[in-house]
Amino acid sequence: MAGEPQSDCLFCKIVSGDVPATIVRESDTTVAFRDINPQAPTHVLVIPKVHYPDAASLAAAEPQIAADVLREAGTVATEDMVDGHGYRVVFNTGAGAGQTVFHAHAHVLGGRGLQWPPG
Ligand code: 5GP
Ligand code: ZN
């Protein structure tokens, strides 16, 4: 069923605690944890606890939870004190855009200069 945990999904395993992660925040609907291969001094992933393959499918099915992900991304930036200089929230969508884990997630990147346009 849509949103149910997937046995082969790494991020569902982080939600369930079967795979460890450095968790920085948790809400009723989301978990935020540090990326294992950080691309910036702050590189946190914010994920919904429910499984959807990407941000658009999450937003279509569960718009409130998509909003929760965005709110938590902002709170992570505030707590890591990167909001003052600017930070970036990225949803890689599709393998061609670099998505490797097909459970919706926001990358929160900050703490260094961020080029525009991104690569
Ligand atoms: P994507 O490439 O799908 O947009 O982002 C997936 C992210 O998950 C990557 O930045 C990658 O470094 C991160 N990642 C992959 N495996 C793990 C893991 O086991 N733990 C954590 N904390 N991050 C992971
Ligand atoms: Zn999942």
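**View 1. Strands β4 and β5 pair in the antiparallel sense over four bridges.** In this predicted model, residues are numbered from 1 along each chain as its sequence is written, chains are lettered from A and ligands numbered from 1 in the order in which they are written. Local features need pLDDT of at least 70 and side-chain atom pairs count only at pLDDT 80 or more, while totals for chains, interfaces and linings use all residues, and side-chain values use heavy atoms, with hydrogens and water left out. Helices (H or I, at least four residues) and strands (E, at least two) are DSSP runs numbered from the N terminus, and two strands pair if DSSP finds at least two bridges between them.

**View 2. The open sheet has five strands in the order β1-β2-β3-β5-β4, with antiparallel pairing.** Its edge strands, each pairing on one side only, are β1 (23-26) and β4 (87-90). From one strand to the next the twist averages 20°. Helix α3 (residues 63-79) packs on the sheet and touches β1, β2 (30-34), β3, β4 and β5, its direction making about 155° with that of β3. Contact here means heavy atoms within 4.5 Å; axes are lines fitted to C-alpha atoms, for helices over the stretch in contact, and angles run from 0 to 180 degrees between N-to-C directions.

**View 3. Strand β5 is mostly covered, five of its five residues being buried.** Buried means under 20% relative accessible area, exposed over 50%, and partly exposed in between, with a 1.4 Å probe and protein chains only. Which residues of β5 point one way, and which the other way? A106, V108 and G110 point one way, whereas H107 and L109 point the other way, and all are buried. In a regular strand the side chains alternate between the two faces of the sheet.

**View 4. The zinc ion (ligand 2) is coordinated by C9 (SG), C12 (SG), H51 (ND1) and H103 (ND1), at 2.0 to 2.3 Å.** Donors are N, O and S atoms within 2.8 Å of the metal (3.2 Å for Na, K and Ca), and sites may look incomplete because water is not among the atoms. The donor residues are spaced C-x2-C-x38-H-x51-H in sequence. C9 lies in the segment before α1 (10-16) and H103 in the loop between β4 and β5, so this pair ties together parts that are 94 residues apart in sequence. C9 counts as buried at 6% relative accessibility, C12 is buried at 8%, and H103 is buried at 0%. With a disulfide taken as a pair of cysteine sulfur atoms within 2.5 Å, the count comes to zero disulfides.

**View 5. A cis peptide bond joins W116 and P117, with omega about 0°.** P117 is found in the segment after β5.

**View 6. M81, a residue other than glycine, has a positive phi near 60°.** M81 lies in the loop between α3 and β4 and is exposed, with a relative accessible area of 68%.
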